[in-house]
Amino acid sequence: MTRTVAQVIVDGLADLGVGHVFGVVGDALNPLTDAIRVTDGIEWTGFRHEEAAAFAAGARAQLSGELGVCMGTVGPGSVHLLNGLYDAAKSGAPVLAICGQVPLSEVGGDYFQEVDNDLLFRDVAVYRATVTSPSQMPRLLESAVRAAVTRRGVAVLTVPGDVGDRKVEDDRPTRFALPRPAVTRPDDPALAEAAEAIAAGSRVTLLVGRGARDAREEVLRTAELLAAPMVLTLKGKEGFEEDNPYEVGQTGLIGNPAAAHALDTCDTLVLLGTDFPYRDWYPEDCRVVQIDVREEHLGRRVPVDVGLAGDVGATLRALLPLLAPVDSRSHLDEARERFLRWQEDQAGLADPSHDKRLLGRVRSMFDNRSEEIRPEALAAAVDRHAADDAIFTSDTGMATVWLSRFVGMRGDRRLIGSYNLGSMANAMPQAIGAQLWAPDRQVVAFCGDGGLSMLLGDLMTIRSERLPVKLVVFDNRRLGMVKLEQEQAGLPEFGTVLDNPDFAAVAEALGIRGIRVTDPAELDEAVRRALADPGPVLLDVLTNPAEVAVPGKPTVSQGWGFAIAKIKENLPSGDG
């Protein structure tokens with residue numbers, strides 16, 4: 001039987017193994033959603049906002065490495081996809097967005113809701129096409145999918161409202177012909193040059209990112225041979241935190257003094273599978289060797305002496321026999337000692353009884369007079385009680401800081417967030433995508449109160465889909481990271497205070513179990529109960545809004561700025 005354009009698209013996605021399509025139904029999408037309704041092996045998940053649907057599709061793609069699919073209807077529906085698609089693009093996640101369009105005969109006439117999708121998605125997409133004839137099917141679908149998967153980006157396929165239900169006369173099965181990723185390594189002269197550069201130093205530091213995730217054994221052997229402390233990017237936490245005697249944590253604003261020391265005192269820096277973007281945190285006056293599968297990443301952040309384009313694991317396997325062991329372990333030992341001392345100090349802050357002790361009482365006089373729950377304690381409690389195969393998502397801002405410092409990626413734990421785009425409101429919709437991808441695993445979202453409230457409507461999606469997602473809300477009634485930015489710059493806090501509802505009560509009104517915690521003594525048990533519950537839970541924890549996450553390498557100017565800001569905040573306001 002001859003199929004419609006919509007049925008060809010849906011059958012092709014089902015054959016590819018796309019289990020869920022995320023979006024909001026309507027007009028031009030009706031032929032497509034109806035085709036999903038009658039097709040086995042693929043399900044429609046309706047969202048309350050297309051941005052959340054795009055975040056969910058990107059989360060599925062990041063976790064699985066396979067295609068995620070979302071849909072947005074004509075005009076505003078497609079526009080709403082943009083932020084989530086930008087996050088997927090900057091995360092290297094293969095996502096196909098199918099967008100509606102006005103009828104072909106009306107295109108170009110400023111018709112109701114008409115938007116030029118090819119122009120709209122020009123910056124975010126590696127592929128864009130509009131189906132103007134049924135004869136283009138399934139060729140355009142195949143091209144869109146191949147582009148998204150092979151280029152690890154976003155493809156946009158636009159289907160006008162009067163095209164989706166047209167018959168495809170020369171119908172045939174889809175043939176995506178997706179190639180397997182090639183495992184490459186540099187040639188021998190390049191490897192010899194890298195070995196020579198590394199041998200010229202005695203204080204080597206590794207900066208390890210997500211691109212090295214599948215090369216754990218080779219990376220650890222390299223660290224052992226070179227007696228090198230290992231600084232991890234946030235996305236490098238997965239796979240490298242457990243049983244790693246070389247790890248010294250993260251750098252950057254979420255980092256710690258040990259990682260900063262390991263970078264600042266090295267004479268050779270080896271970058272492994274990372275495109276860490278913050279140039280201010282790279283060391284100066286040292287040799288740099290970089291290994292990355294994407295050649296365009298070499299030297300993009302910091303000048304490199306030797307750049308090796310190739311798979312990290314394959315490259316290290318070829319490089320290791322050329323490396324001589326470093327005799328002195330002083331560089332590694334210094335960094336590790338600093339890291340362990342810092343971890344001990346952080347553990348003290350995470351103890352719910354911290355503010356009852358002498359030093360805690362002194363500190364709380366300055367930063368926690370109301371004796372509210374410290375966010376460090378909340379993050380540490382989640383780490384204690386979460387499953388060893390839990391999937392974590394985190395909102396951009398302070399929630400990510402606390403996760404970075406207190407949640408270990410042990411066992412089979414996974415972690416995603418908007419770590420390249422830096423969007424707000426990503427944690428909850430990404431958790432939805434994660435839970436649909438892995439229905440039998442625990443999914444925990446670290447939500448900022450500002451982020452959660454921005455896309456609050458899709459709490460109803462969690463309820464309607466009966467997803468056992470656990471939402472942990474760091475409810476400090478602030479846009480916390482913005483507050484910190486203002487104060488470090490010497491500005492008084494302004495515009496960051498949030499007039500929040502009782503989020504637990506909101507959850508209960510929507511049919512989701514809500515737990516509200518205001519007493520530090522009740523925190524641990526509340527976290528345990530929330531994570532043990534078989535259904536969806538929103539844990540609303542009122543945390544200390546004055547908590548400061550000191551970066552790994554605070555500057556004098558930041559300290560003065562913070563002091564000046566506090567003085568300004570306590571001065572009476574007036575016209576003069």
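How many bridges join strand β7 (residues 204-208) to strand β9 (residues 268-272)? Five, and the two strands run parallel. The legends below describe a predicted model, in which local features need pLDDT of at least 70, side-chain atom pairs count only at pLDDT 80 or more, and totals for chains, interfaces and linings use all residues. Residues are numbered from 1 along each chain as its sequence is written, and side-chain values use heavy atoms, with hydrogens and water left out.

**View 1. The five-strand sheet.** This open sheet has the order β8-β7-β9-β10-β11, with parallel pairing. Its edge strands are β8 (230-232) and β11 (306-309), and each pairs on one side only. The twist averages 15° from one strand to the next. Leu206 has Val270 of β9 as its bridge partner. Strands (E, at least two residues) and helices (H or I, at least four) are DSSP runs, numbered from the N terminus. Two strands pair if DSSP finds at least two bridges between them.

View 2. Helix α10 (residues 257-264) lies across β7, β8 and β9, and runs at about 125° to β8. Helix α11 (residues 312-319) packs on the sheet and touches β9, β10 (287-292) and β11. The direction of α11 makes about 125° with that of β10. Contact means heavy atoms within 4.5 Å. Axes are lines fitted to C-alpha atoms, for helices over the stretch in contact; angles run from 0 to 180 degrees between N-to-C directions.

**View 3. The six-strand sheet.** The order in this open sheet is β13-β12-β14-β15-β17-β16, with parallel pairing. β13 (414-417) and β16 (513-517) stand at the edges with a single partner strand each, so one side of each has no neighbour in the sheet. The twist averages 15° from one strand to the next. Strands β14 (residues 443-448) and β15 (residues 470-475) run parallel, joined by five bridges. Phe446 has Val472 of β15 as its bridge partner. Helix α21 (residues 523-532) packs on the sheet, touching β14, β15, β16 and β17 (537-542). The direction of α21 makes about 165° with that of β16.

**View 4. Strand β12 and its partners.** β12 (residues 391-394) is covered on both faces: Ile391 and Thr393 are buried on one side, Phe392 and Ser394 on the other. Buried means under 20% relative accessible area (1.4 Å probe, protein chains only). β12 pairs with β13 in the parallel sense over four bridges, and Ser394 has Gly417 of β13 as its bridge partner.

**View 5. Gln101 and its surroundings.** Gln101 lies in strand β4 (residues 95-101). Gln101 is buried, with a relative accessible area of 8%. A polar atom of the Gln101 side chain lies 2.8 Å from the backbone oxygen of Val115. Residues that Gln101 touches include Ala28, Val74, Asn117 and Pro160.

View 6. The largest nonpolar core has 49 residues, of which Leu85, Ile462 and Leu471 touch the most other members. Helix α3 (residues 50-64) gives the most to this core, with eight residues. Another core, of 39 residues, lies apart from it; among its members are Leu415, Phe446, Phe474 and Ala549. A nonpolar core is a set of buried Ala, Val, Leu, Ile, Met, Phe, Trp, Tyr and Cys residues joined through side-chain atoms within 4.5 Å.

Note on methods: Buried means under 20% relative accessible area, exposed over 50%, partly exposed in between (1.4 Å probe, protein chains only). A polar contact is a pair of N or O atoms within 3.5 Å; within protein, one must be able to donate a hydrogen and the other to accept it, and residues adjacent in sequence count only if both atoms are side-chain atoms. Lists of a residue's contacts leave out its neighbours within four places in sequence.
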